[in-house]
Amino acid sequence: MGEKAPEMERARALLRDAHSVAVLTGAGISAESGIPTFRGAGGLWKQFRAEDLATPEAFRRDPRLCWEWYDWRRSVLSQVQPNAAHHALARLQRTKRDFTLITQNVDGLHFAAGSERVLEVHGSIWNLRCTGCEREWTDRSARLELLPQCPACDKLARPGVVWFGEKLNPNTWAAAERAASSSDVFLVVGTSAMVYPAAGLAPLARSAGAKVIEVNIEATPVSGLVDCALTGRAGEILPAIVSSDQEYGAGS
Ligand code: OAD
């Protein structure tokens, strides 16, 4: 760990002493589970055009193409496991009474690791939503029969994710903003901080007085405002800065 050690120690102490912790995760936290991120080398948006697959217009134009892409991603995701970073955050939650996990990821891996009440601000790839009656339901099958229909009204279903140009669920988003602005420590992990409004949560937390810790393999637009920037893989850094339950004392 070498020259990183003092920063790691600082992050450990900040997390240990915090009464209220909020965490924002992005695609980087799932990278070590074998899931491609969106930007950067090998990123999904290097191979595919978001405007062809992840907008309401794309879905209206060609729902089958859009569903085939989401169905392929579901089949990939059905074969992966949460990694050490997801598990570390699930452990951290068990040591804090006031803890909120906000994720931009749609992969469901935080739940798979045992985290509870995760705010999935971009929705979940395992949810489907009716384009007619808006009913939403969960279907964990690796492959769907395309095109899926609403069990209640037979209208076409869409993926239960947030597309470019769409609004986030207002209740989920309000809860995320509340958690960020009332946290003592805001931990931001594996996100390029390019996509708003989620990218605004770290600055919001900072301006409300939180100490901000960033974990990423490279610098991002929020790196300049954080109190503690830890450069490296989430699967290595998070287990190292999250102490064991015993050290914190449950519910502290
Ligand atoms: P990005 O793909 O934009 O960024 C991933 C970040 O993770 C980058 O900053 C990487 O440096 C970092 N990273 C990669 N591997 C890592 C590792 N092992 N440990 C730590 N960090 C690592 O993903 P997001 O920021 O999540 O939106 O993207 C935000 C949104 O853009 C997504 O939710 C999605 C996408 O379009 C929607 O689907 C609406």
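**Figure 1. C130 and the cysteines around it.** C130 is buried, at 1% relative accessible area (buried: under 20%; exposed: over 50%; partly exposed: in between; 1.4 Å probe, protein chains only). The structure is a predicted model, in which local features need pLDDT of at least 70 and side-chain atom pairs count only at pLDDT 80 or more, while totals for chains, interfaces and linings use all residues. Residues are numbered from 1 along each chain as its sequence is written, and side-chain values use heavy atoms, with hydrogens and water left out. The cysteine sulfur closest to that of C130 belongs to C153; at 3.4 Å it is too far for a bond. C133 is in no disulfide either, its nearest cysteine sulfur being that of C130, 3.7 Å away. C133 is partly exposed, with a relative accessible area of 38%. With a disulfide taken as a pair of cysteine sulfur atoms within 2.5 Å, the count is zero.

Figure 2. A polar side-chain atom of R39 is 2.6 Å from a ligand oxygen atom. For T191, an N or O atom of the side chain lies 2.6 Å from an oxygen atom of the ligand. The corresponding distance for the side chain of W45 is 2.9 Å. The protein buries 92% of the 790 Å² that the ligand exposes when taken alone (Shrake-Rupley method, 1.4 Å probe).

**Figure 3. The open sheet and its β7-β8 pair.** Six strands form an open sheet in the order β3-β2-β1-β7-β8-β9, with parallel pairing. Strands β3 (119-120) and β9 (228-231) are the edges, each pairing on one side only. Strands β7 (residues 185-189) and β8 (residues 211-216) pair in the parallel sense over five bridges. K211 in β8 is the bridge partner of V185. Strands are DSSP runs (E, at least two residues) numbered from the N terminus, as are helices (H or I, at least four); two strands pair if DSSP finds at least two bridges between them.

**Figure 4. L89 in helix α7.** L89 lies in helix α7 (residues 84-93). L89 is buried, at 0% relative accessibility.

Notes: A polar contact is a pair of N or O atoms within 3.5 Å; within protein, one must be able to donate a hydrogen and the other to accept it, and residues adjacent in sequence count only if both atoms are side-chain atoms.
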